[in-house]
Amino acid sequence: MTQDLILQAGRRTVRMETEAVAGLEKRINGDFQRACEMILQCPGRTIVTGMGKSGHIGRKMAATLASTGTPSFFVHPGEASHGDLGMITRDDLVVAISNSGSSTEVLTLLPLLKRLGIPMISMTGKTDSPLAHAAEVNLDISVQTEACPLNLAPTSSTTVTLVMGDALAVALLEARGFTAEDFAFSHPGGALGRRLLLKVEDVMHAGEELPRVHPETLLSRALLEMTSKGFGMTTVVDHCGELLGVFTDGDLRRVIDQKVALDKATMAQVMSRRPKTVSAETLAAEALRIMEDYKITALVVEDAAHFPTGVLHMHDILRAGVI
């Protein structure tokens with residue numbers, strides 16, 4: 001097969017599948033709305049089932065639904081007939097996928113689902129199929145032809161099914177008012193989850209780790225505190241513990257340039273007043289943005305009374321995988 005023929009086959013496949021997906025838009029109709037309403041009203045889980053390639057698409061559909069606010073999982077129809085049907089309760093709803101609408105393994109489940117009173121949405125390529133007739137609502141996923149030149153291998157049909165599943169998931173997401181924070185709770189191990197869930201209090205250093213000196217502390221003594229705590233800075237607090245300012249590596253370079261006597265200067269003379277601070281409840285991602293905007297590497301964490309409760313270093317956020 002020549003290189004030109006290979007490229008032509010690839011482009012033809014993309015074109016055919018694009019056209020098949022475009023035909024779905026007119027099928028987002030009353031049946032689609034009814035299917036969404038059924039899922040929204042379901043007190044239990046949305047169980048997705050399908051055989052073969054439909055099953056592979058069904059697994060992805062169930063995963064997308066579950067991560068966007070619709071409790072869902074996939075049940076293999078063959079395994080369901082050998083015990084896994086016990087995973088489905090009377091409060092659940094079934095989404096059954098079959099391009100032909102007559103997959104034996106799926107049809108075997110119909111009498112059992114009917115006996116349990118479990119509602120069903122079908123997704124079929126044939127609206128007059130047994131599965132479509134058995135369902136309360138059928139979503140039409142038919143295609144004129146597969147992208148496969150033999151018109152045999154599921155290609156366009158599986159793509160259309162995948163997109164219909166995504167359309168359901170997104171419509172349900174918006175209907176539920178699902179937020180980015182809700183999404184993060186379903187993805188706590190991912191970068192998005194960490195950005196939306198991780199707070200300053202989760203990664204800050206507190207207690208004895210917080211560097212503290214008083215305004216009358218000599219600069220030379222403050223440098224020892226900075227070195228021992230290892231943050232390149234120290235807070236300056238009054239004798240009640242209220243934050244007055246900070247002294248950082250950058251401040252040290254400034255006083256050296258000004259020829260300040262390191263053994264005589266006090267913190268009151270060289271500290272930076274009104275430092276940038278955050279609360280413990282601030283998102284770590286927001287704290288990182290502040291550091292980047294002001295080109296600093298550490299932030300003081302303070303409470304509502306302006307008492308320092310911790311210190312946050314940029315390295316802490318990076319180690320936590322927020323970006």
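Which residue takes a positive phi in the hairpin of strand 8 and strand 9? Gly-241 does, with a phi near 95°. The hairpin has five residues between its strands. This is a predicted model. Its mean pLDDT is 90, and 93% of the residues reach 70 or more. Strand 3 has the highest mean pLDDT, at 98. Helix 9, residues 180-186, has the lowest, at 60.

Now look at strand 1, residues 46-50, and strand 3, residues 93-98. They run parallel and are joined by five bridges. Val-48 has Val-95 of strand 3 as its bridge partner.

Nonpolar side chains in soluble globular proteins tend to be buried together. Here the largest nonpolar core has 26 residues. Val-48, Val-95, Ile-121, Met-123 and Leu-139 have the most contacts inside it.

Set aside its neighbours within four places in sequence. Leu-139 is then in contact with Asp-31, Phe-32 and Ala-35, among others. Its contacts also include Ile-121, Ser-122, Met-123 and Thr-124. Met-164 and Leu-168 complete the list.

Four strands form an open sheet in the order 7-8-9-10, with mixed pairing. Strand 7 and strand 10 are the edge strands, and each pairs on one side only. Strand 8 and strand 9 pair in the antiparallel sense over five bridges. Two partners of this pair lie in strand 9: Gly-245 for Val-236, and Phe-247 for Thr-234. Strand 9 also runs antiparallel to strand 10, joined by two bridges. There, Gly-245 stands opposite Arg-273 of strand 10. Helix 12, residues 219-229, lies across strand 7, strand 8 and strand 9. It runs at about 80° to strand 9. Helix 13 packs on the sheet and touches strand 9 and strand 10. Its direction makes about 70° with that of strand 9.

Which residues of helix 12 are buried? They are Leu-219, Ala-222, Glu-225 and Met-226. Seen down the helix axis, these buried residues fall within an arc of 110°, so they line one face of helix 12. On the other side, Leu-224, Thr-227 and Ser-228 are exposed. The cover over the buried residues of helix 12 includes strand 7 (212-213), strand 8 (233-237) and strand 9 (243-248). It also includes helix 13 (249-257) and helix 14 (267-270). Gly-230 follows helix 12, and its phi is positive, near 75°.

Finally, turn to two backbone details. Most residues other than glycine have a negative phi. Arg-274 has a positive phi, near 50°. It sits in the loop between strand 10 (272-273) and strand 11 (277-278). Is Arg-274 buried or exposed? Arg-274 is exposed, with a relative accessible area of 75%. Lys-295 also has a positive phi, near 55°. Its place is the loop between helix 15 (284-294) and strand 12 (298-302). Lys-295 is exposed as well, at a relative accessible area of 73%.

Notes:
Residues numbered from 1 in each chain as written. Heavy atoms only, no water. Pairing = 2+ DSSP bridges. Core = buried A, V, L, I, M, F, W, Y, C linked by side-chain atoms within 4.5 Å. Buried < 20%, exposed > 50% of the residue type's maximum accessible area, 1.4 Å probe, protein only. Contact = heavy atoms within 4.5 Å. pLDDT = per-residue confidence, 0-100. Arc of directions from axis to C-beta. Axes fitted to C-alpha atoms, helices over the stretch in contact; angles between N-to-C directions.
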